[in-house]
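Hello,

Here is the structure I promised to pass on. My notes follow below it.

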Amino acid sequence: MIRANENYQKLKASYLFSDIARRVNLFQKDNPDARVIRLGIGDVTRALPPAIIKAFHKGVDEMAHDATFRGYGPEQGYAFLREKIAAHDYQARGANISAEEIFVSDGAKCDTGNFQELFANDIRIAIPDPVYPVYLDTNVMAGRTGDFEDGRYKKIVYMDCVKENNFLPRLPEEPVDLIYLCFPNNPTGTCATKTDLAAWVDYAKKNKALILFDAAYEAFIRDDSLPGTIYEIDGAREVAVEFRSFSKTAGFTGTRCGFTVVPKTCQVFLENGGAISLHDLWNRRQSTKFNGVSYPVQKAAEAVYSPEGQAQVKKLTAGYLDNADIICKTVEALGFDYAGGKNSPYIWVDGQGKDSWEFFDLLLHKAAVVCTPGGGFGRCGNPYIRISAFNSRDNVTEAMERFKGALK
Ligand code: PLP
């Protein structure tokens, strides 16, 4: 008899974005003339920049001739891309990361979701609340979280990110083995300073723990005093893995490319007291289960690091940051407290006591604007909504005009 992985039964019944889609479809059916503006799901809207498209096309053309055709590539990614990443994203910032420590992938969702399978089933895991749901759900699927009761999984150590702590997770009071961090944060839009991250690195070293650091939104950081990578922190090479993505950096949400940094100095411990290389473990996992990212896509990603590519992606993220600024100014003028929106494409708006779905429905029905209810990211997200800056300037400006009418 084929039996199910019963852990899947512990997942919360509905996925946030399908719930949103259902409500929007219902609204659109009842209001066929309304032009709905979507500031909900964090997907980019602007085209791939020209330098990237040119390299992408060239990569496709190479596949059309026997002499330049490529079959299976290295599971870890082509050296031409790994070397550019190591040089530009790490060594240029003084972070000691080599090309062999970079694993190119089809995006940060898969890597942040898959990484947990390297660890024992009874480790203690600390996860922020609110959170990007992938960290939590993949651990539920693996059977590490226990049952879901009163809005929480019993075996997870939740780190509440609330106004009182500036939405920054505090060090857990009990020892944990695996820690998920994400900065700039989805959904709250907050950033951690070097001092904040240094405290985590210190904690991880003391507890022989590992930090999984998701830096998918690093490209939005404009404040040079903020860390662009966790490897700017002394000692992070021993205790941290970093996930990055070209999705928001360069408009690759549909093209798919990202990478994970696993330093050769990170160790994972065995029951018999021994230790093995985390890099070797991830390499083994990837070469068994993953067959690399397509050659044209890696050529397109490489072009992000050319001088033209760098200028064009900077302009792309600057456009979204300008949108974020417009959103921040509007919600502030309307008297709402918010976090994020600076060095981040997300604005986390306090609904002043309203349930987040109630706030979502109000904006949908009165302004025909879709946002994301904070409650979908965890219990602490409940009084908030997340507004995303990923849309055209015209749409963001119009959405904000509608906010003024709906929320005054
Ligand atoms: N990590 C965070 C925090 C995200 O918000 C997202 C996407 O929204 C991802 C990872 C996934 O990125 P990718 O498109 O590279 O899979």
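The chain is divided into domain 1 (6-47 + 308-406) and domain 2 (53-306). These bounds come from an automatic or database domain assignment. This is a predicted model, where local features need pLDDT of at least 70 and side-chain atom pairs pLDDT 80 or more, while totals for chains, interfaces and linings use all residues. Residues are numbered from 1 along each chain as its sequence is written, and side-chain values use heavy atoms, without hydrogens and water.

**Between the domains**

The centres of domain 1 and domain 2, taken over C-alpha atoms, are 25 Å apart. In domain 1, 37 residues touch 45 residues of domain 2; contact means heavy atoms within 4.5 Å. About 3,400 Å² is buried between the two domains, and carbon and sulfur atoms give 59% of that. Buried area is the accessible area (1.4 Å probe) that two parts lose on being put together, summed over both.

Two salt bridges are counted between domain 1 and domain 2. A salt bridge needs a side-chain nitrogen of Lys or Arg within 4 Å of a carboxyl oxygen of Asp or Glu. Asp337 forms a salt bridge with Lys163, with 3.1 Å between the closest N and O atoms.

**A helix pair**

Helix α12 (residues 356-367) packs against helix α13 (residues 393-407) at about 105°, with axes 9 Å apart. So α12 is roughly perpendicular to α13 (angles of 65 to 115 degrees). Axes are lines fitted to C-alpha atoms over the stretch in contact, and angles run from 0 to 180 degrees between N-to-C directions. Helices are DSSP runs (H or I, at least four residues), numbered from the N terminus. Residues in the contact include Phe359 and Leu362 of α12 and Phe403 of α13.

Best wishes

Terms used. Helices (H or I, at least four residues) and strands (E, at least two) are DSSP runs, numbered from the N terminus. Angles under 35 degrees count as roughly parallel, over 145 as roughly antiparallel, 65 to 115 as roughly perpendicular and the rest as oblique.
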